[in-house]
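Here's a quick tour of one protein model and its ligand. Have a look at the fold before reading on.

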Amino acid sequence: MAEMYDLVVIGAGPGGYVAAIRAAQLGLKVACIEKRSRLGGTCLNIGCIPSKALLDSSYWYALARQQALASHGVRLSGVSLDLPGLLARKERIVHELTQGIAYLFKKYGVTSYHGSARLVGGHQVEVQLVESERLILEGRYILLATGSVAVELPFLPFDGQGVVSSTEALDFSKVPQHLLVIGAGYIGLELGSVWQRLGAEVTVLEALPRLLPQADGEVAAEVHKQLSRQGLRFHLQMRVTRMRRQGDMIIVTAQGPDGTERDFMADRILVAVGRKPCVEGLGLEQVGLRLDPISGRLPVDGGYRTAVPHIFAIGDLIAGPMLAHKASAEGVVVAERLAGMQPRLNYAAIPSVIYIHPEVASVGATEEQLQQQKIRYRVGRFPFLANGRAKALGESGGWVKVLADEATDRLLGVHIVGPQASELIAECATLMEFHASAEDVARCIHPHPSLSEALAEAARMAWCGKPLHL
Ligand code: NAD
């Protein structure tokens with residue numbers, strides 16, 4: 001006899017667990033199946049959270065080692081790295097947060113199953129429990145939220161030791177001598193920064209002529225400059241073609257745009273060339289579903305319904321940026337729609353953050369996108385160099401750039417490279433959601449002294465061409 005639920009959620013990442021909690025809050029009987037031993041998915045276990053823990057710890061270590069606090073009158077001596085301690089702290093944070101989800105599931109009455117789920121047809125989901133028992137759950141609705149896995153390069157397969165994905169690069173037991181990073185995207189730059197700060201020589205190979213292909217071009221150029229200054233080495237337009245081993249070292253051959261080849265030797269290689277939907281063993285074909293052959297994602301309609309009307313999908317499985325907060329927002333929408341509400345998401349206002357130093361955060365269109373769409377816009381820029389709070393922090397590198405519609409003054413995009421950009425961007429996402437104009441932002445009263453004044457100044461420049469403090 002199958003266990004009956006209103007909603008069976010497959011995957012307990014930020015998409016699935018949030019959908020499960022919201023649906024349970026709204027009175028649905030919910031089950032959530034997760035194959036990992038801990039809830040929270042990639043984000044909490046091997047993604048956003050552990051990488052941020054490492055980024056923060058490595059930032060403080062680099063700051064201390066470089067005597068960067070000397071200008072504040074703080075001199076440090078005897079600075080050394082306790083790598084096991086640093087990794088243990090990361091592990092504690094992951095443990096506490098994943099336990100927190102288990103607590104929330106209990107609190108809201110979500111039934112949690114630890115095992116692998118497979119669609120078997122109709123409304124049924126087969127669960128192979130970790131303790132080897134099999135059971136069938138039946139859901140009036142089923143939500144697929146299985147996330148994504150790292151893309152492997154065929155000529156550079158992951159071996160968990162020398163050639164690794166982001167998962168293993170969170171746990172190197174010693175600092176690599178030379179870490180070669182393939183791909184100058186989010187993961188390559190974040191984890192490259194971590195190990196460079198901890199003492200590794202880091203070289204990044206990128207196939208395209210610039211870093212961060214999705215980002216605003218000026219942001220990418222600034223990041224290139226700042227990270228190069230910190231000691232990361234970049235080789236652009238370098239496509240990896242093969243590898244060989246020499247003792248403990250790995251030699252990677254990459255080809256430049258003119259066909260010339262160059263060898264790079266490293267003791268560790270991090271392959272960070274993107275992620276793809278995690279659908280292996282999910283039984284999509286069993287219920288007549290398949291990934292779109294061009295995008296590689298699972299097609300859904302505006303309400304996240306797949307071609308099978310009672311099966312929904314969200315997060316990295318479907319179109320859009322592979323971001324935890326995007327998956328969570330979609331999870332909430334699915335749960336609320338099942339409960340009779342009619343929420344919608346605005347995909348033009350999804351913020352994104354790269355947690356390097358200085359932080360990079362964006363929301364809305366890039367200049368390149370506006371030019372492509374032939375939208376006329378005005379640009380307002382303001383450097384943190386002229387911001388009092390940034391000066392006091394000793395963090396005056398970077399700037400805020402506001403893009404506003406030339407005709408209507410409406411905010412079209414905001415790009416920030418600078419201190420606490422991850423926090424500053426939240427205001428910008430809210431402003432875009434409420435269709436603010438650059439003038440609105442300039443006229444909102446921002447606290448003084450604060451980093452947010454740089455946003456108001458950049459907006460003022462986009463609106464009337466004249467910031468007050470430049
Ligand atoms: P990415 O898409 O951000 O970057 C991959 C990079 O690899 C691209 O620049 C691409 O041109 C390059 N590349 C592809 N093939 C190559 C090759 N053969 N040789 C050299 N370069 C090559 O992917 P990622 O960094 O792996 O991250 C995966 C996903 O995880 C992203 O979609 C991102 O949204 C998400 N993520 C987000 C955060 C965050 O929000 N802070 C952090 C980490 C990851």
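## Ground rules

This is a predicted model, in which local features need pLDDT of at least 70 and side-chain atom pairs count only at pLDDT 80 or more, while totals for chains, interfaces and linings use all residues. Residues are numbered from 1 along each chain as its sequence is written, and side-chain values use heavy atoms, with hydrogens and water left out.

## Around the ligand

Start with the shell. The ligand is surrounded by 24 residues, and I187, E190, E206, G274 and V353 are the closest (a residue counts as near if one of its heavy atoms lies within 4 Å). By class, 17 of the shell residues are nonpolar, three are polar and four are charged. Helix 5 (residues 186–197) supplies the largest share of the shell, three residues. Helices here are DSSP runs of H or I with at least four residues, strands are runs of E with at least two, and both are numbered from the N terminus.

Where does the ligand lie relative to domain 1 and domain 2? Between them, because domain 1 (3–149 + 276–345) and domain 2 (163–273) both give residues to the shell; the bounds come from an automatic or database domain assignment.

## Polar contacts and cover

Now for the polar contacts, meaning pairs of N or O atoms within 3.5 Å; within protein, one atom must be able to donate a hydrogen and the other to accept it, and residues adjacent in sequence count only if both atoms are side-chain atoms. A polar backbone atom of I187 sits 2.9 Å from an oxygen atom of the ligand. E190 uses its side chain instead: an N or O atom there is 3.0 Å from a ligand nitrogen atom. At M322, a polar backbone atom is 3.1 Å from an oxygen atom of the ligand. On its own the ligand has 850 Å² of accessible area, and the protein covers 81% of that (Shrake-Rupley method, 1.4 Å probe; for residues, only the protein chains shown count as cover).

Five strands make an open sheet with parallel pairing, in the order 7-14-8-9-10. Two strands pair if DSSP finds at least two bridges between them. Strand 7 (163–164) and strand 10 (233–235) are the edges, and each has a single partner strand, so one side of each is left without a neighbour in the sheet. Strand 8 (residues 178–182) runs parallel to strand 9 (residues 201–205), with five bridges, and L180 has T203 as its bridge partner in strand 9.

Strand 1 (residues 3–10) also pairs in the parallel sense, with seven bridges to strand 5 (residues 134–144) and four to strand 2 (residues 30–34). M4 faces E138 in strand 5, while V8 has A31 as its bridge partner in strand 2.

A three-stranded open sheet runs in the order 11-12-13, with antiparallel pairing. Strand 11 (239–246) and strand 13 (261–266) stand at its edges with a single partner strand each, so one side of each lacks a neighbour in the sheet. The twist averages 25° from one strand to the next; axes are lines fitted to C-alpha atoms (for helices, over the stretch in contact), and angles run from 0 to 180 degrees between N-to-C directions.

Strand 11 is joined to strand 12 (residues 249–255) by seven bridges, and M243 stands opposite V252 in strand 12. Six bridges link strand 12 to strand 13, where I250 stands opposite A266. Strand 12 and strand 13 form a hairpin with five residues between them, and G259 in the turn has a positive phi of about 90°.

Which peptide bonds are worth a look? The one from H357 to P358 is cis, with omega near -5°, and P358 falls in the loop between strand 17 (352–354) and strand 18 (359–364). H448 and P449 are also joined by a cis peptide bond, with omega about -5°; P449 is in the loop between helix 11 (438–443) and helix 12 (452–464).

Q237 has a positive phi of about 55° although it is not a glycine. Q237 sits in the loop between strand 10 and strand 11.

Methods. Nonpolar A, V, L, I, M, F, W, Y, C, P; charged D, E, K, R; others polar.
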